[in-house]
Amino acid sequence: MNRERALPGYLAGAAVVGASTLMAWIVFGRVELTDVTMLLLLGVVVVAMRFGYGPSLLAAALSVVAFDFFFVRPYWSFAVSDPRHIVTFAVMFLVAVVISHLTKRIRDHAEHARERERRTASLYALSRDVGALQSTKPLLEAAARHVREVFGGVKVAFLMPRHDDRDALEVVYADDGTFIANDTDLGVADWVWVNERSAGAGTATLPTSRAMILPLKGAGARVAVLALFPSESAMLGTAEERQLLETFAGLIGSALERILLADEARGARLRMETEQLRNALLSSVSHDLKTPLAVVTGATSALLEEGAPKDEVTRRELIQTAHEEAQRLNRLVRNLLDMTRLEAGALKVNKNLESLEEVVGSALNRMEDRLRGRDVKATIPVDLPLVALDAALVEQVLINLLENATKYTPEGSPIDIEAKEKDGEVEVDVADRGPGVSAADVDRIFEKFYRAHEREGGGVGLGLTICRGVVTAHGGRIWVDARPGGGAVFHFALPLPSEGEAYPSLPTESEHPG
Amino acid sequence: MSETKPTVLVVEDEEQMRKFVRLSLTANGYRALEAKTGSEGVAQAVAHTPDLVLLDLGLPDMNGLQVVEKLREWNTVPVIIISARGQEESKVEALDAGADDYLTKPFGAAELMARIRVALRHAARARDVPSTVVNIGDEIRVDLVRRLVFLGEEEVHLTQTQYKLLTVLVKHAGMVMTHRHLLEQVWGPGHAHQMQYLRVYMTQLRHKLEKDPARPLYFLTETGVGYRLKVEA
């Protein structure tokens, strides 16, 4: 890294030699000549460690010269009186050079290790970031951020095939200053996509392009194209950088492929579930619609046909039966309609501040006929705050719960409705004295088409699913548990609006009309 | 009711539905006129000046709101909307635009006749001298002249706003009143959106006048639409 710091390094090297020579000069005379060489060699070591290979070679040469000039007789002269000193010079120079070499190698190793560590860290960071992401856009953003960080200053763009045409690419992510409209580099990207090989700046193919463009592949197939726009500070020239880039490309490619495959699997599962649902719905619906239709057809034709019963009681009974079954058909169709709207996401929750007392009252009013003969009690505190809800939908929830209660509990058994404020929610309970819900059913009872009791009078198994859909759409919860003393309690809780909203301030009035 | 049979115009595109309504009407002593489309309906209304219009919301050529607006341009004939599930919004629009009441399919003949009776009575009352004392069920008595309200023998004290709300409901007894109409008539045109006021005062009225406010017999909630005062229990 700092090997290019040329001149200052050499000057510093010379200075260090000067310093070691001075130290040697101070102790000279009190120590052996070999100690002097050691001190000078120490200087070389310092230079090699701090200032690199070149300066250390200079320091080696200077040390030998200094040794000759200051410490070998005759002093203050380059002349040598004792030829044995020539050997000393040679050995000293050799040792200095070897030290320089060794130090350089240690430094190079350390630098490599640092570089590897940096690369590993960046790869780790990239793989950690992209591994956790579940959708394309954040993945590309994270990948681009990492590429920019590691290859400082480079600008990034990603291209992916269009949904409708696998062969046409579109830019799905682009930093500022990358692609412009009708960019010729887009042609290079197309080439890369088709040939699955890198091209553009810094490669053998189309090197005049502004961008270096790499294919991103997963384990299976090509998934995208990465375009890098080098800047002054990041040329992407070195082999290590290229190698790191390839690794990056591989990682991003795999992560993208993982997300694309997951999307595909999700889509396939959804299609399968929709298909299954449609089939189940069809068979369930045709069965459930057939019964009441058969009764209506049968009863009315009995009245129309020749030899129809003449007595008023029988006729009335037939008409009554047809009417009841027609009403049942109406309920089935209503539930199916609600369910399809829920499924299609077409259910609009039109929330207003509503009084639960009214919603309960309206539901009970609409259920009047079917609740006849039952003791129905509604307990709603006078000071219960208004709740933000879609009255029509929540009324339907109550109606479905009440219908369930009438269907699955003995005729004439009581039903209790209670509403209460509790921990920032309003909870509504519908409790019956029926057979209750078995532990196995508690979790499944809200599932589509699930029927706890297969028996006459049951619906399609959608009523509670609709309840759950509506309550969830309100940000609430719905659940069922056993009622102390026998029976089942269905609860649903809706969040209360924030303080102040729920209690409208009204002008105070005296109680005197006129 | 006068000697001549009241005429009801049925605007409905489905033949079986028209047939059912026509049969129910004639069986109950009304004369039935029929129209298959909105424009035909408006034309018939001009030509025959019916006493009441039954208007289906799912017409092929116009939506219910347009028909109501066209009718209201020149007359005040009572209009009862026939709506299906899923048409809640257009139902409220048509009511706000001047339709008098609504029925949701499927409905029975008895329900149909009750609605028609109330609407015709209301139209007749608007022409005559208003009544001075109104009974709600057997229990509640509203003396509109002395401005007093009784529950059984006992006088009930209402605030000014509660009383105003009650009188507006009484004036339209048996018919649905949309939130907007109630707010405008009780609080004035500027308050059409302060629905929670209305909810609170309705609740107060129920608590003062109903035996079981959670299961009201008279002050009924028409979810998503408004309120209806039922005078006969």
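This is a predicted model: local features need pLDDT of at least 70, side-chain atom pairs count only at pLDDT 80 or more; totals for chains, interfaces and linings use all residues.

1. Most peptide bonds are trans, and a negative phi is found in most residues other than glycine.

2. Cis peptide bond in chain A. The bond between A:Arg73 and A:Pro74 is cis, with omega about -5 degrees. A:Pro74 sits in the loop that runs between α3 (53-71) and α4 (84-132) of chain A.

3. Cis peptide bond in chain B. B:Lys105 and B:Pro106 are likewise joined by a cis peptide bond, for which omega is about -5 degrees. Here the proline, B:Pro106, belongs to the loop between β5 (101-104) and α5 (109-127) of chain B.

4. Positive phi at A:Trp76. This residue is not a glycine, yet its phi is positive, near 55 degrees. A:Trp76 is placed in the loop between α3 and α4 of chain A, the loop in which A:Pro74 also lies. Is A:Trp76 buried or exposed? With 7 other C-beta atoms within 10 Å, A:Trp76 is exposed, because a residue counts as exposed at 12 or fewer.

5. Positive phi at A:Asp423. Another residue other than glycine, A:Asp423, has a positive phi of about 45 degrees. Where is A:Asp423 found? Its position is in the loop between β9 (415-422) and β10 (425-432) of chain A. A:Asp423 has 7 other C-beta atoms within 10 Å and is therefore exposed.

Methods: Residues are numbered from 1 along each chain as its sequence is written. Chains are lettered from A and ligands numbered from 1 in the order in which they are written. Helices (H or I, at least four residues) and strands (E, at least two) are DSSP runs, numbered from the N terminus. A residue is buried if 20 or more other C-beta atoms lie within 10 Å of its own, exposed if 12 or fewer, and partly exposed in between; C-beta atoms are placed from the backbone.
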